[in-house]
Amino acid sequence: MSAPDSPPAMAARNVVKKFTVGGSGYAGLKGRIGAALKRATQEKKIVVALDNLSLTIEPGETVALLGRNGSGKSTLLSLFANVMKPDSGEIAFPASIDPLHPRLSPLLEVGAGFHPDLTGIQNVYFNGAILGITRKEMEAREESILEFADFERPEYLNAPVRTYSSGMFIRLGFAVAIHTDPEIILVDESMAVGDEAFQQKCFAKMDEFHAEGRTIVFVSHDMNIVRRLATRAIWLSDAQIAADGEPDQVIRDYHKAFGIPD
Amino acid sequence: MSLLRPFLLQTNCLGRYNTGMSMAENPSQRPLVVLRPQRGKASLNLLEIWQFRDLLTTLAQRDIKLRYRQTALGAIWVVFQPLLAAGIFSLVFGAIGKFPSDGLPYFLFAFAGQLGWGAFANTLTKSGNCLVQNSALVSKVFFPRLILPFSTIFSTLLDFGVGLVVMIFLLAINGINPGLAILATPLWLLALMALGLGLGLFAAALTVSYRDVQYILPVLIPLMMYATPVAYSLSAAPPKLAVILAANPIAPLIEGLRWSLTGRGTLNWLYVAYAVAFTLVILFLGMVYFRNMERRFADVI
C-alpha cells in the first residue's frame, strides 16, 4: 500500500486531554462570586478524557473507535481534526499533497455547518467553503453531490434545511463531506442514520475510499458497521486504549466486558 | 483554497514544519504537521484571515442572506430602524427638549448620529454573539476563529451604505451641502467599527464561558448610547460636563462622523486623537485576548 519508510497517516504521542467540568461553564461567574462570598475555593472537577494516549494509524487503514459514551472517542477525533488542542503530547500527520486537495475531511458531525434557514443548495456551497472548497470547485461537484444525496423529493433542495427530516439532513451533509476529496476521513457516528439504501451507498463509498488507499477513522456503536468496514478496531475505555487489533477480536473482548452476547 | 490550508497555516503559526520541502506524492517526502499544546502568548497571525478570505466572504454573504428572513418588510428594516430612531430623538430632544443641533433640522442631526451609532453598536453586538451563534461550527470544524467576528462587519457595512443613501437624500431635500468634509466619512466609519469590533472580540471570547455577556450587552448598549452624543450634541452640554462626556471614546467619533455628513459642528482634534488611540489599543488588545482564549473555545462552548 505504501512504502515501508512512509510516515503514519496519523500519530498521537502521549496525548493528554482534560476538561474542566463546572468550573468554567456557564455557572462560572456566579460560582466564582458565590465562592468568593463564602471564602471557599471554587470546586473544579477535572475530567481526563484522554490519558497519555499513544496511537499510530497507518495509511490505508480503516480504524473503528469503540467505547462507551464519554470514553474519549469524539475527543480523539476532535484532536485529529485540529478542532481541539491537546493539553500535552502531540498529534502528527503528513501535510497535504497540494493546496487544492483537502487532506482531511472532518465529518465529525455531518452537516455541522448547515444553517437551518439556508436552503439545501445554499448550504452545499456554504459547507463547501467551510471545508475548504471554493465556489468554482463546488459548482463542478454540485451535480455529483446532489446525485449522491438522491432526494426522494428534489423540490426540498430549494427549501430551508430546517424543514428537512433528519434523514434528508444527513444525506445532504454526508454527500458534501465525501465530495471534499480527503486523504483522511474522520466520521463520528453518522453512518447509522439514513435509510438502508443510503447506508449501503455510504458503505460502498467507504469501500471505494479504502480501495483508493485513503485512511478512515470512524466512531460507531453499531458492531455490524464495524465488522463490515473496519480493518482495525480500537476500544477506548477510561481515557486509555483497552484493546487494539482485529475488529472481531476487539468486539468480542468489548462485548465480554459488558456481558453482551455476540 | 482547501481544507489543507488550515493545516498549513496551523503549522505556520506553530512554526514547526520544515519549509521549502516539495509537496511530493510520497507522504514520506511531505512535511510533517505537528499539533502541540499552545503555550504562552498566541501570535496574532492576521495573515490567516487573508488566506481564509473565501470563508470570510462566504460567511458574510450568509449573514446578509439570512438577515430579515421570515419578516414581512424584509430589507426595508435597514432603512426603517434608523429613521424611526431619528424620528423619536427629534421629537424628544428637538421638539420637546429644544436641544441645539448645530443649526441643522433635528431629524437630520439625529439621523446622522444614529448612522454612526448603528455602525458601532451593530458591530459590537454581532461580533460579540458570533461564536455562540456558530457554536456548531466552532466545535466541529477547524478554521481560524478570528474569521467569525471579522465576517460580521460586512452586513453592518451594507446597512451603513443604505443609511448613507437615505442621508444624502435627506441632505438634498434640506438643501444642505456638507462640502469636502464628507470625504472623511469612511475614516470615521472605520474608527467606529474598529472600536465596536475590539469590544466585540472581548465580548465574544467572554461569552464562550460566560453567557452572562449576552444578557449584559443588550442593556449596556442603549445606556451607552445616552452617554454618547448621538441624539444630542456635545456642544449642548455645559463645558465641564462636556469634558466628562468626551472621555467616552465613542463621543468624538460620532461627532466627527456627523461633522463629515453635515459639514456642521466643530471638532476637538485632541478628543479625536484620544478616541483613535483608544480604538487602536482596544482593537489590538481585543485580538490578543481573543487569540489567547480561542484554544479553549471548542472545549467549553
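Trainee: How much of chain A counts as buried?
Mentor: Of its 262 residues, 55%. Keep in mind that this is a predicted model.

Trainee: How many helices and strands does chain A have?
Mentor: Eight helices and nine strands.

Trainee: Let's pick a helix. Is H2(A) mostly covered or mostly uncovered?
Mentor: Mostly covered. Helix H2 of chain A runs over residues 73–80, and seven of those eight are buried.

Trainee: Which ones are buried in H2(A)?
Mentor: Lys73(A), Thr75(A), Leu76(A), Leu77(A), Ser78(A), Leu79(A) and Phe80(A).

Trainee: What follows H2(A)?
Mentor: Asn82(A) does, and its phi is positive, near 65°.

Trainee: New topic. How are two packed helices described?
Mentor: By the angle between their axes and the distance between the axes.

Trainee: What are those values for H4(A) and H5(A)?
Mentor: The angle is about 135°, and the axes are 9 Å apart. H4 covers residues 135–149 of chain A, and H5 covers residues 166–178.

Trainee: Why are they called oblique?
Mentor: Over 145 degrees would be roughly antiparallel, and 65 to 115 roughly perpendicular. Their angle is about 135°, so H4(A) and H5(A) are oblique to each other.

Trainee: Is the crossing left-handed or right-handed?
Mentor: H4(A) and H5(A) cross right-handed.

Trainee: Which residues make the contact?
Mentor: H4(A) brings Met138(A), Ile145(A), Leu146(A), Phe148(A) and Ala149(A). From H5(A) come Arg171(A), Leu172(A), Phe174(A), Ala175(A), Val176(A) and Ile178(A).

Trainee: How many are nonpolar, polar or charged?
Mentor: The contact of H4(A) with H5(A) has 10 nonpolar residues, no polar ones and one charged.

Conventions. Residues are numbered from 1 along each chain as its sequence is written. Chains are lettered from A and ligands numbered from 1 in the order in which they are written. This is a predicted model: local features need pLDDT of at least 70, side-chain atom pairs count only at pLDDT 80 or more; totals for chains, interfaces and linings use all residues. Side-chain values use heavy atoms; hydrogens and water are left out. Helices (H or I, at least four residues) and strands (E, at least two) are DSSP runs, numbered from the N terminus. Buried means under 20% relative accessible area, exposed over 50%, partly exposed in between (1.4 Å probe, protein chains only). Axes are lines fitted to C-alpha atoms, for helices over the stretch in contact, and angles run from 0 to 180 degrees between N-to-C directions. Angles under 35 degrees count as roughly parallel, over 145 as roughly antiparallel, 65 to 115 as roughly perpendicular and the rest as oblique. A crossing is left-handed if the near helix is turned anticlockwise from the far one by less than a right angle, and right-handed if clockwise. Contact means heavy atoms within 4.5 Å. Ala, Val, Leu, Ile, Met, Phe, Trp, Tyr, Cys and Pro count as nonpolar, Asp, Glu, Lys and Arg as charged, and the others, Gly among them, as polar.
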